[in-house]
Amino acid sequence: MLKKTYYIENPSRLSLKLNQICIDQGQGADIVTRDLDDAGMIILDHAQINLSVPLLQSCIEKNVILTVCDNRHLPTGLWLPLEGHSQSGGRMRSQLESSKPLRKQLWQKTIQAKLLNQSKVLQHFHLPFQPLLKMSQKVRSGDSSNIEGTAAAYYWKKLFQDDCHFRRDRYGVEPNSLLNYIYALLRALTAKCLVGSGLTPLQGIHHKNIYNTLCLADDIMEPFRPFADMMVKSIIRDNPELLDEFELSKATKQYLLGIFQLDVMLENQKRPLQIAMQMVCANLSKCFESDTAKYLKYPEI
């Protein structure tokens, strides 16, 4: 079932009544209600938003992720359930006890899928893509030779070749803020689907930063990043003035939120990206339980 994303950007009080999210913006405005069962994510983008404890409890029970934005309107925090699946204990144990060879094989498949999708992004925009295809064939177990890094240098140079000064940097010039925003949305969705599949985002297959609480989410979202890149490239191509804006407009954020409904190909079938993410995370849990990487398949552009 496709879940909706609710975006709250004004001072509001959010509460729960009869399984409905009640959004009270005060000042005589009508109270707006939304069915909590339809929600997949609620984005809170204002400092003066208050939530009731019953609503928080119900969000946890229904695996609805709450995303909090900072003063730059970028998603910066997540509210996730500790257990999102009836077999969470067993699946997390399999994940934590997984063998090093398995994790290396999973990372190899992840990077191969990422590079293939990056090549298709370049191909979509009629840019030279063949070198990425060749690099994808050279990825070995654990990507020991860091083909991913070499590919990234080529990919970003070609994707935004009109801007010779572009460098992918979280704090860099545009379109970095657009990429930051849509990546944060992807990261939140990935974390939600991992928890929903009984896994913990804490334990990655490659990322190991002790300050990162979403290592596995950062791993699994890698092949999904090119879908986000394609959306950002498209909106900039059609609206070049966005490169001169200092804040993301409401229309731009709504467009980027559309990534959850973006059609992708997975196992020879077209599916919305959020459904594909659920399937990928569910198959990943099978990999940990069976100690084989054969179940892990990623969507294609």
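This report describes the overall build of the chain and then a set of individual residues, as seen in a predicted model.

**Overall build and confidence**

The model carries an average pLDDT of 91 over the chain, and 98% of the residues score at least 70. Among the elements, the highest mean pLDDT, 98, belongs to helix 3 (residues 100–124), while the lowest, 86, is found in strand 8 (residues 75–79). The secondary structure is made up of ten helices and ten strands.

The C-alpha trace extends over about 60 × 50 × 35 Å along its principal axes. Of the 301 residues, 49% are buried. When contacts between residues at least 6 apart in sequence are considered, 65% of them join residues at least 24 apart.

The accessible surface of the chain amounts to about 15000 Å², and carbon and sulfur atoms account for 50% of that surface. As for charge, the chain bears 36 positive and 31 negative side chains, and the centres of these two sets are separated by 8 Å.

**Backbone features that call for a closer look**

Most residues other than glycine have a negative phi, and most peptide bonds are trans. Against that background, two neighbouring positions and one peptide bond can be described in turn.

Leu18 is located in the loop between strand 2 (12–17) and strand 3 (20–24), and its phi is near 55 degrees, a positive value in a residue that is not glycine. Asn19 lies in the loop between strand 2 and strand 3 as well, and Asn19 too has a positive phi, of about 65 degrees, although it is not a glycine. In terms of accessibility, Leu18 counts as exposed because its relative accessible area of 77% is over the 50% cut-off. Asn19, with a relative accessible area of 24%, is partly exposed.

The peptide bond that runs from Glu174 to Pro175 is cis, with an omega near 10 degrees. Pro175 belongs to the loop between helix 5 (147–159) and helix 6 (176–196). Gln161 is also placed in the loop between helix 5 and helix 6, where it counts as partly exposed at 42% relative accessibility.

**Residues and their surroundings**

Asn63 sits in the loop between helix 1 (53–61) and strand 7 (65–69). Its relative accessibility is 15%, which is under the 20% cut-off, so Asn63 counts as buried. Once neighbours within four places in sequence are left aside, the contacts of Asn63 are Gly40, Pro81, Lys192, Val195 and Gly196.

Leu51 is part of strand 6 (residues 49–51) and, with a relative accessible area of 24%, is partly exposed. Residues up to four places away in sequence not being counted, Leu51 touches Leu14, Leu44, Leu56 and Leu66.

Gly90 falls within helix 2 (residues 88–96) and is partly exposed, its relative accessible area being 35%. Lys250 is in helix 9 (residues 250–257), and at 48% relative accessibility Lys250 is likewise partly exposed.

**Separation along the chain and in space**

The table sets sequence separation beside the C-alpha to C-alpha distance for pairs that involve residues described above.

| Pair | Separation in sequence | C-alpha to C-alpha distance |
|---|---|---|
| Leu51 and Leu16 | 35 residues | 9.0 Å |
| Gln161 and Tyr298 | 137 residues | 28 Å |
| Gly90 and Glu289 | 199 residues | 8.6 Å |
| Lys250 and Glu9 | 241 residues | 9.3 Å |

For Gly90 and Glu289, a separation of 199 residues in sequence goes with a C-alpha distance of 8.6 Å, and for Lys250 and Glu9, which are 241 residues apart along the chain, the C-alpha atoms are separated by 9.3 Å. For Gln161 and Tyr298, by contrast, 137 residues along the chain go with a C-alpha separation of 28 Å.

Conventions
Residues numbered from 1 in each chain as written. Predicted model: local features only at pLDDT ≥ 70, side-chain atom pairs only at ≥ 80, totals over all residues. Heavy atoms only, no water. Helix = DSSP H or I, 4+ residues; strand = E, 2+ residues; numbered from the N terminus. Buried < 20%, exposed > 50% of the residue type's maximum accessible area, 1.4 Å probe, protein only. Contact = heavy atoms within 4.5 Å. Areas by Shrake-Rupley, 256 points an atom, 1.4 Å probe, with all protein chains shown as cover. Lys, Arg positive; Asp, Glu negative; His and termini not counted. Charge placed at Lys NZ, Arg CZ, Asp CG, Glu CD. pLDDT = per-residue confidence, 0-100.
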